[in-house]
Amino acid sequence: MNSLELRKKYLSFFKERKHAIIPGSSLIPEHDPTVLFTTAGMHPLVPFLLGEKHAQGKRLANVQKCIRTDDIEEVGDSWHLTFFEMLGNWSLDDYWKKEAIEWSFEFLTSKEWLAIPLEKLSVTIFAGDNNVPRDKESAKIWQELGVSKERIYYLPKKDNWWGPASQIGPCGPCTEMFYDTGKKECSSNCKPGCGCGKYSEIWNDVFMEYNKTEEGKYLPLEQKNVDTGMGVERTIAVLNGFDNVFETELFEPIIKEIKALSQREDQKALRVIADHIKAACFILSENIEPSNVEKGYILRRLIRRSVRYAKQIGIEDIFCHKIAKAVIEIYKDVYPELKKNQDFIFEQFIREEEKFKKTLEKGLEELERIVDWNDEILKAKDLIKSKGKIEAVDIEKHLSNLAKKLFFAYQSYGFPLELSFEEIERRLMRELFFKEKIRKYFNEETKKHQELSRKGGEQKFKGGLADHSEQTTRYHTATHLLLAALREVLGDHVYQKGSNITAERLRFDFSHIAKLTEEELKRVENLVNQKIKQDLEVNCEEMPLDQAKKQRAMGVFGEKYGDRVKVYSIGDSSDSLGQVFSKEICAGPHVKRTLELGKFKITKEESSGAGIRRIRAILE
Ligand code: ATP
Ligand code: MG
């Protein structure tokens, strides 16, 4: 069975069981600014799982494309991808565990449907803990269907529990279905959920039946929902007897293309490149461009990671667009947005790879400047000669200094760590036999760096900002001026719907029905420039969220703020009226005075969905 048949079968199975087949959503979450990409089929349905009525009824099913950047480090193993498709069926206050589990069972095992032999399947069930009892109901249903006790595993909340999405709200146990590949157990503790790859989780049925309260209690929910998710790639793989997703028809042509360009074979590199370029294609097909913030940053990371892995297998030339062709070919009928945007996709890949190449070249030059290789080699030779005579501590000091220099190059010029290390091996290792030592120091620096960037990453998702360079800071402030100007020119119905900033430009989405006229655009632009020229002060004040709202500070609708927020005001504090031009809840950073912005220029105005306009602007 191929993926086309699987999608079709799944949808017709649930259609026969009175489910409305709804379209999959975009990879870009529409109502949820807290997550960068759609991560599961249930994600776009959250409002309905929380009680809103769905126009198509109480039984829904679909196919949803998903991106999970959290799984990026796993890619290369047998079953994890950053881009995958999820089949899903939902009950909104309708059927419950019995129907859901019986249908999962029937679809998986019936001759008419997937015909997976029963002995290949195992299921997991929520084991229960101090707060919530074991999900005996689900266990009983599986047993009555013929799943033997030995194939039912009880796992804790960590594995078999979903939600709540935030601190409080609907949540509940899940029951997961695993396929046993028949591989040898990795240890005596190997069971479904083990990371070794013997068992593949193909389907998950979530039962939303509790409401978690602020006091940490789990109370029965009034509206109970079922939410299920089945991975297309994993299911296709096991149905065809593969023990990994990369041999399926959704990857095989991509891998073949990469192999044709490469000099060496390396399974992990092939898998990572195939996965990342595919994910990048789908992100690009949503018109996202590589950048240093948010979605664009993830995209950049996927592409650059592919290029680095490609280097490992001897691909030196610009190549991503060639692989992208194979991706588009596989999916062109199912996801027409790929073909439709193919020129943009190719162009962006080429541009990003060229940019990365330049960064690398520049990085190498800088490395050359920072590290005097000839000197290093001489010192290394000296050390070797005098080995036994000089204190070991000198050697250590020297090596640790060198590792630090490499890191300086990395941090200052974005030169990838791995390449720094490659460079040092290439130049020094032949001379030096302290290979292990250098690696040790280097790894220590890597750790320190990861620690720092992890902390930075947590910051990022609090503030939503990744790049605090001078240029992007200016664009952040300009965005505040733009929103205030739009509200003054167009009216108070204007709210922020989206914002994206790179070092080169700002992009701002806002609520407004009609296309802006030339005159309106001019007025907005002039107003922003007028405020810049007035050299207004930008003030930041921290206060409780309530107070910020009372002061009518603008916020982003639907955004989840903490109890205390920063409020940025732009205005002349010495103004006798105390007139403030802009007041927004924002994590910052911003410039001190508006004159720092230079000249503001709108470069484009266009639609960005129903009732949403988009402006692009630059600072000159
Ligand atoms: P795992 O534990 O294997 O990471 P999960 O518990 O995170 O899976 P769910 O969130 O329950 O997975 O997603 C539902 C289904 O989507 C899974 O049963 C699986 O078939 C598929 N799936 C989830 N994550 C991935 C991934 N990274 N790559 C491919 N398929 C996935
Ligand atoms: Mg997972």
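Trainee: In which hand does H7 pass H10 in a crossing?

Mentor: Please bear in mind that this is a predicted model. The two elements concerned are helix H7, residues 252-261, and helix H10, residues 320-331. The crossing in which H7 passes H10 is right-handed.

Trainee: Are H7 and H10 roughly parallel or roughly antiparallel to each other?

Mentor: The helices H7 and H10 pack with their axes 9 Å apart, at an angle of about 165 degrees. Angles over 145 degrees count as roughly antiparallel. H7 and H10 are therefore roughly antiparallel.

Trainee: Which strand supplies the largest share of the shell around ligand 1?

Mentor: Ligand 1 is surrounded by 15 residues, and Asp-71, His-80, Leu-81, Glu-201 and Asn-204 are the closest. At least two residues of this shell come from each of strand E3 (83-92), strand E8 (199-212) and strand E9 (218-231). With four residues, the largest share belongs to E8.

Trainee: How many charged residues does the shell around ligand 1 have?

Mentor: Sorted by class, the shell holds six nonpolar and four polar residues. The charged residues in the shell number five.

Trainee: What percentage of the area that ligand 1 exposes when taken alone does the protein bury?

Mentor: Oxygen atoms of ligand 1 lie 2.7 Å from a side-chain N or O atom of Asn-204, 3.0 Å from a backbone N or O atom of Gly-231 and 3.0 Å from a polar side-chain atom of Arg-234. Taken alone, ligand 1 exposes 580 Å². Of that area, the share that the protein buries is 80%.

Technical notes. Residues are numbered from 1 along each chain as its sequence is written. Chains are lettered from A and ligands numbered from 1 in the order in which they are written. This is a predicted model: local features need pLDDT of at least 70, side-chain atom pairs count only at pLDDT 80 or more; totals for chains, interfaces and linings use all residues. Side-chain values use heavy atoms; hydrogens and water are left out. A residue is near a molecule or strand if one of its heavy atoms lies within 4 Å of it. A polar contact is a pair of N or O atoms within 3.5 Å; within protein, one must be able to donate a hydrogen and the other to accept it, and residues adjacent in sequence count only if both atoms are side-chain atoms. Accessible areas come from the Shrake-Rupley method with a 1.4 Å probe; for residues, only the protein chains shown count as cover. Ala, Val, Leu, Ile, Met, Phe, Trp, Tyr, Cys and Pro count as nonpolar, Asp, Glu, Lys and Arg as charged, and the others, Gly among them, as polar. Axes are lines fitted to C-alpha atoms, for helices over the stretch in contact, and angles run from 0 to 180 degrees between N-to-C directions. Angles under 35 degrees count as roughly parallel, over 145 as roughly antiparallel, 65 to 115 as roughly perpendicular and the rest as oblique. A crossing is left-handed if the near helix is turned anticlockwise from the far one by less than a right angle, and right-handed if clockwise.
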